[in-house]
Amino acid sequence: MIINPATQTETALEQGSMLSEGDIVSMDDDSKATIYFMDGEIVNLMPKQKLIVGKESSASRLEDGSGQSFALQAGLNNLSRKNVNLTAKNDIDKELSSPASFRAEGVIPIAPAGLIISERPEFTWFDSSYTEVTPVEKQYVLLVMDSKNNEIFRGTVKGMTNTLVKFTIPDLLFKQTDAKQRFKWDVYPLGKEPKLGANYDLAGVMIVADKKFTSEVNAAIAEINSHKILDEQSKLFMAGLILKDFKCYSDAIIALNQLGSDSKVSDSILRQKAWLYARLGANGSFMVKKYAALLG
């Protein structure tokens, strides 16, 4: 239920309901809800809890079933150069921090990482081996292997040094099945890649979601896109938050990137990207530090 103290009205809380400052969201004995703030905070309300909506998440308050009230902890706002959370918190994150991540060629594979729903994931990496400030074009070899260590892609790709390179493999779809599928990938400077048939490990780990999970995520995003009151920018931001809530961190980054360049978007979006790259594991730390620097 949504209570508006100013007008003394009560309305049912439904999926896609829009909340305003001052609204009170009240859960009954057996209900739950997920509230998405436009500053990026996500709040899961449990039975008997109340949320008093503030102008932003940090100004909102939560009441538990016993009547105790406390402010929401907007942890994202604490991001700084000296306070970046890189702790792995789930099994996927831990796997992403494997020793293979610390290869010394200067090329850092960043995404896709962890759970994804994309059939055409965007592979991204950063080459810091070139010491000149001005980026130069180089050639790289991108490798992808399945769970049985069979190569499913080996190709030469052009990219710029000191720049986040983004590449989508043409004509290769990672189709969902009834179970999750695990893949590993990596990128090497041309000439330093492992030979075909050699025994080698790859640093990047991605897990393609199963059909049921993907359907649930897409349904949640479709619900947001169906609301005429939201503009396109808000829909993209909400889609990113939904993907984040489902732990599809790489896909969430892609959604947020559609909002514009880092020099033009709000600090809330930059904080979201920093948090998401942190969840990608050790290799994402480069991007986290970049956003921490932008935020000051």
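Which strand supplies the largest share of the lining of the largest pocket? That share, four residues, comes from β4, in a predicted model in which local features need pLDDT of at least 70 and side-chain atom pairs count only at pLDDT 80 or more, whereas totals for chains, interfaces and linings use all residues. Residues are numbered from 1 along each chain as its sequence is written, and side-chain values use heavy atoms, with hydrogens and water left out.

The chain contains six helices and 16 strands, taken as DSSP runs numbered from the N terminus (helices H or I, at least four residues; strands E, at least two). Of its 296 residues, 45% are buried, that is, under 20% relative accessible area with a 1.4 Å probe, protein chains only.

The largest pocket has a volume of about 840 Å³, a pocket being, on a 1 Å grid over the protein atoms alone, an open set of points with protein on both sides within 12 Å along at least five of seven lines, and lining residues having an atom within 4 Å of a point. The volume is the space filled by probe spheres set on the points, which are joined across faces, edges and corners. Of the 33 lining residues, Ser 17, Leu 19, Thr 34, Ile 35 and Tyr 36 are the closest to the centre of this pocket. At least two lining residues each are supplied by β4 (33-36), α2 (211-225) and α3 (232-245).

Conventions. Buried means under 20% relative accessible area, exposed over 50%, partly exposed in between (1.4 Å probe, protein chains only). On a 1 Å grid over the protein atoms alone, a cavity is a set of points where a 1.4 Å probe fits but cannot get out, and a pocket is an open set with protein on both sides within 12 Å along at least five of seven lines; lining residues have an atom within 4 Å of a point.
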